[in-house]
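What follows is a walk through one protein model, taking in its nonpolar cores, its strands and its aromatic side chains. Please keep the sequence and the structure at hand while reading.

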Amino acid sequence: MKEKIKKIIASAALPAMLLSFSATAHAEETAEPYSDGMRQISTMELVREMGLGINLGNTLDTCNVTWIENPTVSSFETAWGSPIITKAMIQGYANSGFGVLRIPISWSNLMGANYTIHPDYMARVKQIVDWTLETGMYAIVNIHYDGGWWSKFPTEKDECMRKYTRIWQQISETFAYYPDKLMFESLNEEGGWESLWNRWSGSTEGKAESYGLLNEINQKFVDTVRSSGGNNYGRHLLIAGYNTDVQLTCDPLFKMPYDYMYRCAVSVHYYIPSNFCIIEEDTDWATARSDWGNQNDINELNYYMDLLKTTFIDKGVPVIIGEYGTTTGNKTPETVRLFLSSVAKAAYSRYLCPVLWDTHNHFYDRNQCKFKDDALLWQIMAAKY
(Lines give C-alpha, C1' and ligand atoms only; values in the text may rest on other atoms or scores of the structure.)
Protein backbone atom coordinates (compact mmCIF):
# COMPACT_ATOMS: atom_id res chain seq x y z
CA MET A 1 0.00 0.00 0.00
CA LYS A 2 2.74 2.47 0.90
CA GLU A 3 4.43 2.02 -2.48
CA LYS A 4 1.35 3.68 -4.00
CA ILE A 5 1.40 6.32 -1.30
CA LYS A 6 4.99 7.23 -2.11
CA LYS A 7 3.95 8.04 -5.65
CA ILE A 8 1.20 10.23 -4.23
CA ILE A 9 3.54 12.25 -2.04
CA ALA A 10 6.25 12.62 -4.70
CA SER A 11 4.45 10.90 -3.61
CA ALA A 12 21.09 -6.26 17.25
CA ALA A 13 23.48 -4.82 18.62
CA LEU A 14 24.89 -5.59 22.12
CA PRO A 15 27.71 -3.09 22.64
CA ALA A 16 29.25 -4.85 25.62
CA MET A 17 29.76 -7.96 23.53
CA LEU A 18 31.47 -6.23 20.62
CA LEU A 19 34.35 -8.37 19.47
CA SER A 20 37.78 -6.85 19.00
CA PHE A 21 39.16 -7.03 15.52
CA SER A 22 41.57 -5.37 13.12
CA ALA A 23 40.35 -4.18 9.74
CA THR A 24 43.89 -4.29 8.41
CA ALA A 25 44.25 -7.99 9.19
CA HIS A 26 41.20 -8.81 7.11
CA ALA A 27 41.82 -6.42 4.22
CA GLU A 28 42.99 -7.52 0.79
CA GLU A 29 44.59 -5.45 -1.93
CA THR A 30 41.97 -3.39 -3.70
CA ALA A 31 41.64 -0.43 -6.00
CA GLU A 32 38.54 0.76 -4.16
CA PRO A 33 38.72 4.28 -2.68
CA TYR A 34 37.80 2.96 0.76
CA SER A 35 40.07 0.16 1.91
CA ASP A 36 39.66 0.53 5.65
CA GLY A 37 37.48 2.67 7.87
CA MET A 38 36.12 -0.11 10.09
CA ARG A 39 36.16 1.32 13.58
CA GLN A 40 35.79 -0.44 16.89
CA ILE A 41 32.43 1.19 17.45
CA SER A 42 29.20 -0.47 18.54
CA THR A 43 26.13 -0.29 16.33
CA MET A 44 24.36 1.64 19.08
CA GLU A 45 27.11 4.26 18.98
CA LEU A 46 27.09 4.30 15.19
CA VAL A 47 23.33 4.84 14.96
CA ARG A 48 23.58 7.67 17.48
CA GLU A 49 26.33 9.24 15.39
CA MET A 50 23.99 9.23 12.36
CA GLY A 51 21.76 11.78 14.07
CA LEU A 52 18.83 12.53 11.75
CA GLY A 53 18.36 11.16 8.26
CA ILE A 54 16.51 11.57 4.99
CA ASN A 55 15.55 9.25 2.10
CA LEU A 56 16.44 9.57 -1.57
CA GLY A 57 12.92 8.40 -2.37
CA ASN A 58 11.23 7.67 -5.70
CA THR A 59 14.57 7.60 -7.46
CA LEU A 60 16.59 4.38 -7.63
CA ASP A 61 13.57 2.57 -6.17
CA THR A 62 11.31 3.23 -9.17
CA CYS A 63 9.94 0.02 -10.68
CA ASN A 64 7.18 -1.40 -12.89
CA VAL A 65 7.66 1.44 -15.36
CA THR A 66 6.26 -0.53 -18.29
CA TRP A 67 5.50 2.63 -20.28
CA ILE A 68 9.21 3.25 -20.95
CA GLU A 69 10.59 1.55 -24.04
CA ASN A 70 14.20 0.36 -23.92
CA PRO A 71 14.73 1.66 -20.37
CA THR A 72 18.14 2.85 -19.22
CA VAL A 73 19.60 3.62 -15.83
CA SER A 74 18.62 7.27 -16.25
CA SER A 75 15.08 6.50 -17.37
CA PHE A 76 14.46 4.46 -14.24
CA GLU A 77 16.03 7.16 -12.06
CA THR A 78 13.70 9.83 -13.43
CA ALA A 79 10.54 7.74 -14.04
CA TRP A 80 8.74 8.90 -10.88
CA GLY A 81 9.58 12.59 -11.21
CA SER A 82 13.12 12.99 -9.91
CA PRO A 83 15.72 14.88 -11.90
CA ILE A 84 19.02 13.12 -12.48
CA ILE A 85 20.83 13.03 -9.14
CA THR A 86 23.96 15.17 -8.93
CA LYS A 87 26.75 15.50 -6.42
CA ALA A 88 25.42 18.96 -5.51
CA MET A 89 22.04 17.49 -4.57
CA ILE A 90 23.70 15.01 -2.24
CA GLN A 91 25.87 17.74 -0.73
CA GLY A 92 22.70 19.75 -0.11
CA TYR A 93 21.37 17.03 2.19
CA ALA A 94 24.54 17.21 4.25
CA ASN A 95 24.45 21.01 4.24
CA SER A 96 20.91 20.81 5.61
CA GLY A 97 22.21 18.94 8.65
CA PHE A 98 21.31 15.34 7.87
CA GLY A 99 23.75 12.67 9.00
CA VAL A 100 22.52 9.71 6.98
CA LEU A 101 21.04 9.25 3.51
CA ARG A 102 18.91 6.14 2.98
CA ILE A 103 19.10 5.04 -0.66
CA PRO A 104 16.18 2.74 -1.58
CA ILE A 105 16.93 0.60 -4.64
CA SER A 106 14.98 -1.67 -6.99
CA TRP A 107 17.74 -3.94 -8.25
CA SER A 108 15.56 -5.96 -10.64
CA ASN A 109 15.15 -3.02 -13.02
CA LEU A 110 18.20 -3.95 -15.09
CA MET A 111 18.96 -7.58 -14.38
CA GLY A 112 20.20 -10.35 -16.64
CA ALA A 113 20.49 -14.12 -16.45
CA ASN A 114 21.10 -15.69 -13.05
CA TYR A 115 19.86 -12.46 -11.45
CA THR A 116 22.95 -10.58 -12.54
CA ILE A 117 22.66 -6.84 -11.92
CA HIS A 118 23.63 -4.76 -14.96
CA PRO A 119 27.08 -3.22 -14.39
CA ASP A 120 25.83 0.25 -15.40
CA TYR A 121 23.10 0.06 -12.77
CA MET A 122 25.54 -1.04 -10.08
CA ALA A 123 27.97 1.68 -11.14
CA ARG A 124 25.29 4.34 -10.72
CA VAL A 125 24.42 3.13 -7.24
CA LYS A 126 28.11 3.12 -6.40
CA GLN A 127 28.51 6.69 -7.64
CA ILE A 128 25.67 7.96 -5.46
CA VAL A 129 27.03 6.08 -2.44
CA ASP A 130 30.47 7.59 -3.09
CA TRP A 131 29.02 11.09 -3.26
CA THR A 132 27.15 10.47 -0.01
CA LEU A 133 30.21 9.27 1.88
CA GLU A 134 32.30 12.13 0.50
CA THR A 135 29.97 14.60 2.25
CA GLY A 136 30.63 12.89 5.58
CA MET A 137 27.13 11.43 5.78
CA TYR A 138 26.34 7.77 6.38
CA ALA A 139 24.67 5.83 3.57
CA ILE A 140 22.11 3.02 3.85
CA VAL A 141 21.60 0.74 0.84
CA ASN A 142 18.70 -1.72 0.68
CA ILE A 143 16.51 -3.89 -1.53
CA HIS A 144 13.29 -1.91 -1.82
CA TYR A 145 9.90 -2.98 -3.21
CA ASP A 146 11.71 -4.16 -6.35
CA GLY A 147 8.62 -4.83 -8.46
CA GLY A 148 6.81 -7.01 -5.96
CA TRP A 149 8.53 -10.38 -6.35
CA TRP A 150 8.60 -10.59 -2.55
CA SER A 151 4.98 -11.76 -2.58
CA LYS A 152 6.11 -15.08 -4.11
CA PHE A 153 8.20 -16.13 -1.13
CA PRO A 154 5.50 -18.35 0.44
CA THR A 155 4.95 -20.34 -2.78
CA GLU A 156 8.35 -20.09 -4.51
CA LYS A 157 10.65 -19.87 -1.53
CA ASP A 158 13.73 -21.60 -2.97
CA GLU A 159 13.83 -19.49 -6.12
CA CYS A 160 13.07 -16.26 -4.26
CA MET A 161 15.78 -17.02 -1.72
CA ARG A 162 18.21 -17.72 -4.56
CA LYS A 163 17.44 -14.34 -6.12
CA TYR A 164 17.69 -12.61 -2.75
CA THR A 165 21.06 -14.23 -2.04
CA ARG A 166 22.42 -13.40 -5.50
CA ILE A 167 21.50 -9.74 -5.10
CA TRP A 168 23.24 -9.45 -1.76
CA GLN A 169 26.28 -11.34 -2.99
CA GLN A 170 26.72 -8.76 -5.74
CA ILE A 171 26.10 -5.77 -3.48
CA SER A 172 28.49 -7.17 -0.90
CA GLU A 173 31.19 -7.77 -3.51
CA THR A 174 30.87 -4.26 -4.95
CA PHE A 175 31.10 -2.52 -1.58
CA ALA A 176 33.33 -5.04 0.19
CA TYR A 177 36.03 -2.54 1.11
CA TYR A 178 33.84 0.44 1.91
CA PRO A 179 34.05 1.88 5.44
CA ASP A 180 31.57 1.36 8.23
CA LYS A 181 29.72 4.54 7.25
CA LEU A 182 27.99 2.38 4.63
CA MET A 183 25.23 0.22 6.12
CA PHE A 184 23.27 -2.53 4.36
CA GLU A 185 19.53 -2.97 5.02
CA SER A 186 18.03 -6.43 4.49
CA LEU A 187 14.76 -5.36 2.81
CA ASN A 188 12.00 -2.76 2.94
CA GLU A 189 8.38 -3.17 4.06
CA GLU A 190 7.65 -6.43 2.26
CA GLY A 191 8.65 -8.82 5.05
CA GLY A 192 5.19 -10.12 5.92
CA TRP A 193 2.71 -12.10 3.83
CA GLU A 194 -1.07 -11.80 4.03
CA SER A 195 -1.31 -15.03 2.04
CA LEU A 196 0.03 -16.67 5.21
CA TRP A 197 -1.43 -14.42 7.91
CA ASN A 198 -3.73 -11.40 7.87
CA ARG A 199 -3.36 -9.31 11.00
CA TRP A 200 -6.92 -8.05 10.63
CA SER A 201 -8.49 -11.51 10.40
CA GLY A 202 -8.74 -12.04 14.15
CA SER A 203 -6.95 -15.37 13.74
CA THR A 204 -3.39 -16.38 14.53
CA GLU A 205 -3.40 -19.14 11.90
CA GLY A 206 -0.30 -18.78 9.76
CA LYS A 207 1.18 -16.02 11.91
CA ALA A 208 4.15 -18.05 13.15
CA GLU A 209 4.87 -19.24 9.61
CA SER A 210 4.90 -15.70 8.22
CA TYR A 211 7.17 -14.44 10.98
CA GLY A 212 9.39 -17.48 10.59
CA LEU A 213 9.85 -16.77 6.90
CA LEU A 214 10.95 -13.19 7.56
CA ASN A 215 13.30 -14.35 10.31
CA GLU A 216 14.84 -16.84 7.87
CA ILE A 217 15.32 -14.17 5.19
CA ASN A 218 16.99 -11.82 7.67
CA GLN A 219 19.32 -14.60 8.82
CA LYS A 220 20.23 -15.36 5.20
CA PHE A 221 21.05 -11.66 4.78
CA VAL A 222 23.44 -11.62 7.73
CA ASP A 223 25.10 -14.88 6.72
CA THR A 224 25.54 -13.76 3.10
CA VAL A 225 27.08 -10.41 3.97
CA ARG A 226 29.33 -11.79 6.69
CA SER A 227 30.78 -14.48 4.40
CA SER A 228 31.44 -12.10 1.50
CA GLY A 229 34.90 -10.89 2.47
CA GLY A 230 36.53 -7.51 2.82
CA ASN A 231 35.11 -5.16 5.42
CA ASN A 232 31.77 -6.96 5.33
CA TYR A 233 32.93 -9.24 8.13
CA GLY A 234 32.27 -6.30 10.46
CA ARG A 235 29.81 -4.12 8.54
CA HIS A 236 26.90 -2.76 10.55
CA LEU A 237 23.63 -4.23 9.28
CA LEU A 238 20.03 -3.05 9.40
CA ILE A 239 17.39 -5.73 9.90
CA ALA A 240 13.89 -5.02 8.55
CA GLY A 241 11.09 -5.59 11.03
CA TYR A 242 7.81 -7.34 10.24
CA ASN A 243 6.33 -5.16 7.48
CA THR A 244 8.46 -2.54 9.29
CA ASP A 245 5.33 -2.01 11.39
CA VAL A 246 6.15 -0.86 14.92
CA GLN A 247 3.67 -3.06 16.77
CA LEU A 248 4.24 -6.14 14.61
CA THR A 249 8.00 -5.81 14.88
CA CYS A 250 7.73 -5.62 18.67
CA ASP A 251 5.86 -8.97 18.66
CA PRO A 252 7.85 -11.78 20.33
CA LEU A 253 7.63 -13.81 17.11
CA PHE A 254 10.00 -11.37 15.42
CA LYS A 255 13.56 -12.47 16.07
CA MET A 256 16.76 -10.61 15.38
CA PRO A 257 19.14 -12.84 13.40
CA TYR A 258 22.22 -14.34 14.98
CA ASP A 259 25.29 -12.25 14.21
CA TYR A 260 28.62 -13.25 15.72
CA MET A 261 29.77 -9.63 15.34
CA TYR A 262 26.78 -8.28 17.29
CA ARG A 263 26.45 -5.44 14.76
CA CYS A 264 22.77 -5.36 13.85
CA ALA A 265 20.09 -2.70 14.25
CA VAL A 266 16.36 -3.07 13.58
CA SER A 267 14.36 -0.98 11.10
CA VAL A 268 10.73 0.12 11.44
CA HIS A 269 8.67 2.78 9.65
CA TYR A 270 6.41 5.36 11.26
CA TYR A 271 3.27 6.47 9.39
CA ILE A 272 0.95 6.74 12.39
CA PRO A 273 -1.88 7.62 12.30
CA SER A 274 -2.22 6.32 8.75
CA ASN A 275 -5.29 8.42 7.94
CA PHE A 276 -3.16 11.51 8.62
CA CYS A 277 0.16 10.40 7.15
CA ILE A 278 -0.89 8.42 4.10
CA ILE A 279 -4.11 9.77 2.59
CA GLU A 280 -5.33 13.21 1.56
CA GLU A 281 -8.90 12.21 0.71
CA ASP A 282 -11.40 9.82 2.28
CA THR A 283 -11.09 6.19 1.21
CA ASP A 284 -13.11 3.05 1.78
CA TRP A 285 -10.87 2.18 4.72
CA ALA A 286 -10.43 5.53 6.47
CA THR A 287 -11.52 9.14 6.75
CA ALA A 288 -8.67 11.49 5.94
CA ARG A 289 -7.34 13.73 8.71
CA SER A 290 -5.84 17.15 8.10
CA ASP A 291 -5.00 17.90 11.72
CA TRP A 292 -2.58 16.38 14.23
CA GLY A 293 -1.31 17.33 17.66
CA ASN A 294 -4.04 16.87 20.26
CA GLN A 295 -3.25 15.07 23.50
CA ASN A 296 -4.40 11.71 22.14
CA ASP A 297 -2.01 12.12 19.20
CA ILE A 298 0.90 12.97 21.49
CA ASN A 299 0.07 10.03 23.77
CA GLU A 300 -0.04 7.68 20.78
CA LEU A 301 3.34 8.89 19.53
CA ASN A 302 4.92 8.46 22.94
CA TYR A 303 3.37 5.00 23.34
CA TYR A 304 4.93 3.68 20.16
CA MET A 305 8.30 5.30 20.79
CA ASP A 306 8.36 3.90 24.33
CA LEU A 307 7.43 0.49 22.94
CA LEU A 308 10.44 0.56 20.63
CA LYS A 309 12.68 1.71 23.45
CA THR A 310 11.64 -0.99 25.90
CA THR A 311 11.56 -3.76 23.26
CA PHE A 312 14.88 -2.97 21.60
CA ILE A 313 16.94 -0.02 22.87
CA ASP A 314 16.79 -1.07 26.52
CA LYS A 315 17.94 -4.55 25.47
CA GLY A 316 20.92 -3.25 23.52
CA VAL A 317 19.41 -3.38 20.03
CA PRO A 318 19.66 -0.08 18.10
CA VAL A 319 16.63 1.19 16.17
CA ILE A 320 16.46 3.16 12.94
CA ILE A 321 13.11 4.53 11.81
CA GLY A 322 13.92 4.02 8.15
CA GLU A 323 10.91 6.06 7.05
CA TYR A 324 8.58 8.55 8.65
CA GLY A 325 6.59 11.23 6.90
CA THR A 326 3.26 12.57 5.78
CA THR A 327 1.36 13.83 2.77
CA THR A 328 0.90 17.60 2.66
CA GLY A 329 -1.93 18.36 0.23
CA ASN A 330 -4.70 18.61 2.83
CA LYS A 331 -2.60 20.02 5.69
CA THR A 332 -1.29 23.41 6.76
CA PRO A 333 2.48 23.92 6.86
CA GLU A 334 2.22 24.40 10.62
CA THR A 335 0.57 20.99 11.06
CA VAL A 336 3.17 19.28 8.89
CA ARG A 337 5.98 20.92 10.86
CA LEU A 338 4.43 19.91 14.16
CA PHE A 339 4.03 16.26 13.19
CA LEU A 340 7.44 15.75 11.60
CA SER A 341 9.36 17.60 14.29
CA SER A 342 7.44 15.78 17.04
CA VAL A 343 8.28 12.39 15.56
CA ALA A 344 11.93 13.35 15.12
CA LYS A 345 12.21 14.61 18.72
CA ALA A 346 10.35 11.65 20.24
CA ALA A 347 12.60 9.23 18.36
CA TYR A 348 15.93 10.97 18.87
CA SER A 349 15.33 11.54 22.57
CA ARG A 350 15.01 7.77 22.97
CA TYR A 351 18.22 7.08 20.99
CA LEU A 352 16.37 6.10 17.79
CA CYS A 353 17.52 7.50 14.45
CA PRO A 354 14.57 8.95 12.45
CA VAL A 355 14.95 9.05 8.64
CA LEU A 356 12.48 11.31 6.83
CA TRP A 357 10.75 9.89 3.75
CA ASP A 358 11.22 12.42 0.98
CA THR A 359 10.84 12.63 -2.78
CA HIS A 360 11.74 15.36 -5.25
CA ASN A 361 10.11 18.67 -4.43
CA HIS A 362 8.20 17.28 -1.48
CA PHE A 363 10.32 18.64 1.36
CA TYR A 364 13.66 19.04 -0.44
CA ASP A 365 14.02 20.72 -3.83
CA ARG A 366 16.60 18.74 -5.77
CA ASN A 367 16.93 21.42 -8.42
CA GLN A 368 17.77 24.10 -5.86
CA CYS A 369 19.64 21.63 -3.62
CA LYS A 370 17.97 22.87 -0.48
CA PHE A 371 14.94 22.42 1.77
CA LYS A 372 11.79 24.17 0.58
CA ASP A 373 10.64 25.15 4.07
CA ASP A 374 13.40 26.56 6.26
CA ALA A 375 11.12 26.58 9.29
CA LEU A 376 10.40 22.86 8.85
CA LEU A 377 14.08 22.04 8.53
CA TRP A 378 14.92 24.09 11.62
CA GLN A 379 12.21 22.38 13.68
CA ILE A 380 13.34 18.91 12.60
CA MET A 381 16.97 19.66 13.38
CA ALA A 382 15.97 21.06 16.76
CA ALA A 383 15.15 17.47 17.78
CA LYS A 384 18.84 17.01 18.55
CA TYR A 385 18.88 19.76 21.16
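Contact here means heavy atoms within 4.5 Å. The model is a predicted one. Leaving aside neighbours within four places in sequence, W107 is in contact with I117, Y121, M122, V125, V141, N142, I143, D146, I167 and I171.

W107 also belongs to the largest nonpolar core, which has 109 residues. The residues with the most contacts inside this core are W107, V129, F153, Y164, Y270 and M305. Helix α12 (residues 333–348) supplies the largest share of the core, eight residues. In general, nonpolar side chains of soluble globular proteins tend to be buried together.

The strands can be taken next. Strand β3 (residues 138–142) and strand β4 run parallel and are joined by four bridges. Across this pairing, V141 stands opposite F184 in β4. Together with helix α7 (residues 157–174), β3 and β4 make a right-handed β-α-β unit. Strand β5 (residues 237–240) also runs parallel to β4, and two bridges join them. Here the bridge partner of E185 is L238 in β5.

How do the side chains of β4 (residues 182–185) point? L182 and F184 point one way, whereas M183 and E185 point the other way.

The aromatic side chains give another view of the model. The structure holds 20 aromatic pairs. One of them, formed by Y93 and Y364, is stacked, with 4.2 Å centre to centre and 25° between the planes. Because Y93 lies in helix α5 (residues 87–96) and Y364 in strand β9 (residues 364–365), this pair ties together parts that are 271 residues apart in sequence. Both Y93 and Y364 are buried.

Elsewhere, one aromatic cluster is formed by W149, W150, F153, Y164 and W193.

R48 lies over the face of Y348, at 3.7 Å from the ring centre. The charged end of R48 also sits over the ring of Y351, 3.8 Å from its centre.

Technical notes: Residues are numbered from 1 along each chain as its sequence is written. This is a predicted model: local features need pLDDT of at least 70, side-chain atom pairs count only at pLDDT 80 or more; totals for chains, interfaces and linings use all residues. Side-chain values use heavy atoms; hydrogens and water are left out. Rings of Phe, Tyr and Trp (its six-membered ring) pair if their centres lie within 6.5 Å; planes under 30 degrees apart count as stacked, over 60 as edge-to-face and the rest as tilted. Buried means under 20% relative accessible area, exposed over 50%, partly exposed in between (1.4 Å probe, protein chains only). A charge sits over a ring if NZ of Lys or CZ of Arg is within 6 Å of the ring centre and within 35 degrees of the ring normal. A nonpolar core is a set of buried Ala, Val, Leu, Ile, Met, Phe, Trp, Tyr and Cys residues joined through side-chain atoms within 4.5 Å. Two strands pair if DSSP finds at least two bridges between them. A crossover is right-handed if, with the strands pointing away from the viewer, the path from the first strand over the helix to the second runs clockwise.
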